[in-house]
Amino acid sequence: GVGLKAQLQHALGIVFVDGKLYVADTYNSKIKVIDPRTRACTTFAGGDKKAKQFSEPGGISFANGKLYVADTNAHRIQVIDLATKVVSTLKLQGVEAPKP
């Protein structure tokens, strides 16, 4: 939505990149982008229940053209390439995945 019609649910993380705000919209399992100039808020990534890209993202950071998202309930770091919107999982060495 635009302005007061924008809907976020439990937004925990936010980062400012190239004039836009990227928000970890936790309970919607999405990354939203807000343009402060136009006040428009749209989904940048996530929300596809089949792809399960995010499970309650709680934090977000930016470096080298990529967003790094703390994907809380999935116990992983998701990486979003800003240019392509491709989402991948950061591979960590020496860290064991939690047992289900």
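Which residue in the turn of the β6 and β7 hairpin has a positive phi? The points below answer this and describe the surrounding sheet.

1. Basis. This is a predicted model, in which local features need pLDDT of at least 70 and side-chain atom pairs count only at pLDDT 80 or more, while totals for chains, interfaces and linings use all residues. Residues are numbered from 1 along each chain as its sequence is written, and side-chain values use heavy atoms, with hydrogens and water left out.

2. The β6 and β7 hairpin. The residue asked about is His-75, with a positive phi of about 55°; the hairpin has 4 residues between its two strands. Strands here are DSSP runs of E with at least two residues, numbered from the N terminus. β6 covers residues 66–71 and β7 covers residues 76–81, and they pair in the antiparallel sense over 6 bridges. Two strands count as paired if DSSP finds at least two bridges between them. Val-69 has Gln-78 in β7 as its bridge partner.

3. The β7 and β8 hairpin. These strands also form a hairpin, with 5 residues between them, and Lys-85 in the turn has a positive phi of about 65°. Ile-80 has Val-87 in β8 as its bridge partner.

4. The sheet. Strands of a sheet pair through backbone hydrogen bonds, either parallel or antiparallel. Here 4 strands form an open sheet in the order β5-β6-β7-β8, with antiparallel pairing. β5 (57–63) and β8 are the edge strands; each has a single partner strand, so one side of each is left without a neighbour in the sheet. From one strand to the next, the twist averages 25° (axes are lines fitted to C-alpha atoms, and angles run from 0 to 180 degrees between N-to-C directions). β5 is joined to β6 by 6 bridges, and Gly-59 has Ala-70 in β6 as its bridge partner.

5. Asp-35. This residue lies in strand β3 (residues 30–35). Is Asp-35 buried or exposed? Asp-35 is buried, because its relative accessible area is 13%, and buried means under 20%, exposed over 50%, and partly exposed in between (1.4 Å probe, protein chains only). Leaving aside neighbours within four places in sequence, Asp-35 is in contact (heavy atoms within 4.5 Å) with Lys-20 and Ala-40.

6. Leu-90. This residue is in the segment after β8 (87–89). Leu-90 counts as partly exposed because its relative accessibility is 35%.
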